[in-house]
Amino acid sequence: MKKIILLGLLITSVATPALAISRYNALSFTCAEARAVINRERAVIMRYPSTRVRNMTLYDRYVSDSNACNAGYYAYQDYMPTKDRANCPVYTCRPSSDFDDDDILFRR
């Protein structure tokens with residue numbers, strides 16, 4: 001029984017650092033700075049104000065490339081607001097099934 005508990009604690013302690021992800025305010029960075037942070041940390045959560053709903057904050061996970069996405073997902077170019085640009089190009093993760101559906105549409 002002690003071995004099972006010890007094994008469970010060991011697995012939990014190994015998995016915990018992988019769950020940690022930094023959170024930042026996108027408007028406190030220039031586009032170049034935000035992209036550098038994303039590339040350095042591989043994945044971050046950025047928050048920024050909504051342009052459509054007053055006093056609403058949006059949160060998104062941005063990644064450096066497809067290797068930072070979970071299995072079955074790929075890096076897709078998206079945009080976020082930063083201090084110097086309204087549309088800073090970055091990557092988010094999208095399900096591969098989205099890509100497959102679009103691919104089918106283009107084949108017809």
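What you have open is a predicted model, in which local features need pLDDT of at least 70 and side-chain atom pairs count only at pLDDT 80 or more, while totals for chains, interfaces and linings use all residues. Residues are numbered from 1 along each chain as its sequence is written, and side-chain values use heavy atoms, with hydrogens and water left out.

**Stop 1**

Arg42 lies in the loop between α2 (31–41) and β2 (43–49); helices (H or I, at least four residues) and strands (E, at least two) are DSSP runs, numbered from the N terminus. The phi angle of Arg42 is near 70°, a positive value in a residue other than glycine.

Now jump to Asn55, in the loop between β2 and β3. Here phi is near 60°, again positive in a residue other than glycine. Is Asn55 buried or exposed? With 76% relative accessibility, Asn55 counts as exposed.

**Stop 2: the whole chain**

Zoom out and colour by secondary structure. Of the 108 residues in the chain, 23% are buried. Contacts here are heavy atoms within 4.5 Å; among those between residues at least 6 apart in sequence, 35% join residues at least 24 apart.

**Stop 3: Asp65**

Next, pick Asp65, in the loop between β3 (57–63) and β4 (73–80). Asp65 is partly exposed, with a relative accessible area of 32%. Which residues does Asp65 contact, leaving aside its neighbours within four places in sequence? They are Arg42, where the tour began, and Ala75. Draw a distance between the C-alpha atoms of Asp65 and Ala75: the two residues are ten apart along the chain, and the separation is 5.5 Å.

**Stop 4: strand β5**

Move on to strand β5 (residues 88–95) and select Tyr91. Tyr91 has a relative accessible area of 36% and is partly exposed. Not counting residues up to four places away in sequence, Tyr91 touches Arg61, Tyr62, Val63, Ser64, Ala75, Tyr76, Gln77 and Asp78. From Tyr91 to Met80 the C-alpha distance is 9.5 Å, for residues eleven apart in sequence.

Step along to Thr92, also in β5. Thr92 is buried, with a relative accessible area of 10%. With residues up to four places away in sequence again left out, the residues touched by Thr92 include Tyr74, Ala75 and Tyr76.

**Stop 5: the aromatic rings**

Show the aromatic side chains. How many aromatic pairs does a search of the whole structure find? There are two, where rings of Phe, Tyr and Trp (its six-membered ring) pair if their centres lie within 6.5 Å, with planes under 30 degrees apart called stacked, over 60 edge-to-face and the rest tilted. Tyr24 and Phe29 have ring centres 5.5 Å apart and planes at 75°, so this pair is edge-to-face. Tyr24 is partly exposed at 22% relative accessibility, whereas Phe29 is buried at 14%. For Tyr74 and Tyr76, the ring centres are 6.4 Å apart and the planes are at 85°, so that pair is edge-to-face. Tyr74 counts as buried at 18% relative accessibility, while Tyr76 is partly exposed at 32%.

**Last stop: the largest pocket**

Finish by selecting Tyr48, Pro49, Ser50, Thr51, Arg52, Leu58 and Pro81, the lining of the largest pocket. A pocket is found on a 1 Å grid over the protein atoms alone, as an open set of points where a 1.4 Å probe fits, with protein on both sides within 12 Å along at least five of seven lines; lining residues have an atom within 4 Å of a point. The largest pocket holds about 150 Å³ of space, a volume being the space filled by probe spheres set on the points, which are joined across faces, edges and corners. Its lining divides into four nonpolar residues, two polar and one charged. In this scheme Ala, Val, Leu, Ile, Met, Phe, Trp, Tyr, Cys and Pro are nonpolar, Asp, Glu, Lys and Arg are charged, and the others, Gly among them, are polar.

Technical notes: Buried < 20%, exposed > 50% of the residue type's maximum accessible area, 1.4 Å probe, protein only.
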